[in-house]
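Reader: Hi! Could you walk me through a couple of residues in this one?
Author: Happy to. Here it is.

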Amino acid sequence: MATFRLQGSKVLAVDMTGDAVKAKNGSMVAYDGQMAFKKMSGGGEGIRGMVTRRLTGEQMEMMEVKGQGTCYFADRASEINLVHLHGDKLYVESSNLLCTDGGLRTGTTFTGLRGAAQGNGLFTTTVEGSGQVAVMSDGPAVVLRVTPAYPLSVDPGAYIAHQGNLRQDFQSGVTFRTFLGEGGGEAFQIRFEGDGLVYVQPSERNTVGGDV
């Protein structure tokens, strides 16, 4: 299995000994040794994945990197966060996914009507199996624990990913700025209940509801 390690906070180094990883197209910044690069259609899921992404607008252009040596990945100086999966599933915004172990399965899942990140619509990307995932954030990510006693409400512009046994509800017409009397237009919150982890970034992107 490939070894993921951080070079600082904004560059991912992946050591490979004949292994393969899947990474965001155009994210390779350097490599040593012998590497082969292959573009993957529809995020590597074949025809079904391509059709799903066209219907939902969920864009995830990925490439397969395989070889011997070390490959370095980065994207727009984003902070990189390593997530370890142990047979479980990670839900992540496609724009925040940088790299996964080659053996992990990627897909899409319906998450309900929501104010999602620009271009993501009603579906989000899933990564499932055992291995490592590199997730990007605008600024250092914060990992928040959700328990049955302590649900969590998240601004969709700050949401990156989540894992565990969590339920999502998407509440329209309300945002954090609404509480301050600054809200306007269509806005959303994401509410998580159950037991798991939610990853958020200290910066808000534009959503389909506008700046929230």
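**Two residues and a word on confidence**

Author: Let's start with aspartate 75, which is buried, with a relative accessible area of 14%. Bear in mind that this is a predicted model.

Reader: Why does aspartate 75 count as buried?

Author: Because its relative accessible area is 14%, and buried means under 20%.

Reader: Where is the place of aspartate 75?

Author: Aspartate 75 lies in the loop between strand S4 (62-73) and strand S5 (79-92).

Reader: And what is aspartate 75 in contact with, leaving aside its neighbours within four places in sequence?

Author: Lys24, Leu98 and Met136. With lysine 24 there is a side-chain to side-chain polar contact of 3.1 Å.

Reader: Nice. Switching topic: is glutamine 163 buried or exposed?

Author: Buried, with a relative accessible area of 8%. Glutamine 163 sits in strand S11 (residues 159-172).

Reader: Which side chain makes a polar contact with the side chain of glutamine 163?

Author: That of tyrosine 199, at 2.6 Å. Not counting residues up to four places away in sequence, glutamine 163 touches several others, including Val83, Leu85, Asp88 and Gly196.

Reader: Good to know. What pLDDT does the chain average?

Author: The average is 82, and 74% of the residues score at least 70. Over residues 113-121 pLDDT stays under 50, and the model has 34 contacts beyond four places in sequence for them. Residues 207-212 are also below 50, with 18 contacts beyond near neighbours in sequence.

Key: Residues are numbered from 1 along each chain as its sequence is written. This is a predicted model: local features need pLDDT of at least 70, side-chain atom pairs count only at pLDDT 80 or more; totals for chains, interfaces and linings use all residues. Side-chain values use heavy atoms; hydrogens and water are left out. Helices (H or I, at least four residues) and strands (E, at least two) are DSSP runs, numbered from the N terminus. Buried means under 20% relative accessible area, exposed over 50%, partly exposed in between (1.4 Å probe, protein chains only). A polar contact is a pair of N or O atoms within 3.5 Å; within protein, one must be able to donate a hydrogen and the other to accept it, and residues adjacent in sequence count only if both atoms are side-chain atoms. Contact means heavy atoms within 4.5 Å. pLDDT is the predictor's confidence in each residue, from 0 to 100.
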